[in-house]
Amino acid sequence: MSYPVIISADAYQLSVLPEWGGRISSLHHGTAGDLLVPISLEQPFQPDTWPKAGAYPLIPYHGRIRGAQFYWQAEPVHLLPHPDGSGHSLHGPAHKRPWQIVEHTADSLQLHCSYAADVDWPWDFEATQCISLSSQGLRVTLILRNTSLKPMPAGLGWHPYLIKANRIEHDARRHWPYHKQDLLPTGMVEAETPPVSGCTTFLSDWQKVQIQLTTGSTVHLSADSLLDHLVIHDDPATYTCIEPVSHVAGALSLAPNSMFGLRQLGANQTLSGSLQIGVDP
């Protein structure tokens with residue numbers, strides 16, 4: 001049985017399940033109530049059928065990789081397809097591995113994951129989550145370090161399951177159309193952004209999102225310049241996912257990768273990005 005680690009500050013309280021892929025299991029505000037769909041602990045954690053609740057890190061990539069394979073520095077790379085991914089890999093392996101607590105205070109938590117190359121990702125890496133609360137809300141900093149001897153492709157992101165939204169407003173300036181059959185962007189980009197509806201929308205060049213929850217509260221989300229892409233998945237009935245990420249989904253299947261936000265990390269190089277989420281006054 002896993003027990004959540006709890007931190008709090010001002011009106012906010014947050015719980016984390018380090019062994020469940022470093023997941024945030026709940027984020028509660030004293031007046032606004034739950035901001036994330038809470039994770040139930042009634043069932044054991046299944047790494048490949050994770051709960052549609054809480055929030056988790058997307059490391060070292062997000063979204064799908066077409067056919068669970070890609071070329072990197074002219075060499076083919078084969079990954080293990082996700083069981084429910086129609087032959088594609090999905091969301092990187094960091095959120096499927098246990099994380100360890102490095103530091104725990106009343107209002108902050110630092111988690112660490114040391115990853116050894118395997119069928120899910122053929123490079124060693126270390127990942128860190130710095131999670132803190134204040135009167136302004138939640139701040140999460142994600143850090144990725146390549147601990148292998150060869151350069152690796154790298155990206156970061158954060159995948160929250162927010163309480164279902166009534167309205168979503170964003171200032172993104174670019175839209176990435178995608179293939180309907182596999183939910184992977186085509187690589188083309190449009191200057192006009194469509195209204196968010198009950199589907200997945202890929203965006204970039206954004207600074208702030210404002211979300212009105214069905215509970216009546218309004219939540220704002222922002223991130224630093226590294227996380228300049230945004231994925232919005234609005235489930236028709238249950239939840240709303242608004243994911244700050246560093247590259248367009250499927251960037252590893254597009255060439256050249258760097259045009260779509262993907263980074264190259266040499267040995268011992270790091271990548272870091274931060275996001276903030278809180279309740280509007």
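A nonpolar core is a set of buried Ala, Val, Leu, Ile, Met, Phe, Trp, Tyr and Cys residues joined through side-chain atoms within 4.5 Å, where buried means under 20% relative accessible area (1.4 Å probe, protein chains only). This is a predicted model, in which local features need pLDDT of at least 70, side-chain atom pairs count only at pLDDT 80 or more, and totals for chains, interfaces and linings use all residues. Residues are numbered from 1 along each chain as its sequence is written, and side-chain values use heavy atoms, with hydrogens and water left out.

**Exercise 1.** Identify the residues of the largest nonpolar core that touch the most other members.

*Solution.* The core has 88 residues. Those touching the most other members are Ile24, Trp121, Leu138 and Ile211. Next, take tryptophan 121 and leave aside its neighbours within four places in sequence: its contacts (heavy atoms within 4.5 Å) include Tyr61, Leu79 and Pro93.

**Exercise 2.** Describe the lining of the second largest cavity by element and by class.

*Solution.* On a 1 Å grid over the protein atoms alone, a cavity is a set of points where a 1.4 Å probe fits but cannot get out, and lining residues have an atom within 4 Å of a point. The second largest cavity holds about 30 Å³ of space, a volume being the space filled by probe spheres set on the points, which are joined across faces, edges and corners. Its lining includes Trp176, Phe202 and His229. Two or more lining residues come from each of β21 (200-204) and β24 (229-234), strands being DSSP runs (E, at least two residues) numbered from the N terminus. The largest share, three residues, belongs to β24. By class, eight are nonpolar, three polar and none charged, with Ala, Val, Leu, Ile, Met, Phe, Trp, Tyr, Cys and Pro counted as nonpolar, Asp, Glu, Lys and Arg as charged, and the others as polar.

Notes. 1 Å grid on protein atoms, 1.4 Å probe; cavity = no way out; pocket = protein on both sides within 12 Å on 5 of 7 lines; lining within 4 Å. Helix = DSSP H or I, 4+ residues; strand = E, 2+ residues; numbered from the N terminus. Buried < 20%, exposed > 50% of the residue type's maximum accessible area, 1.4 Å probe, protein only.
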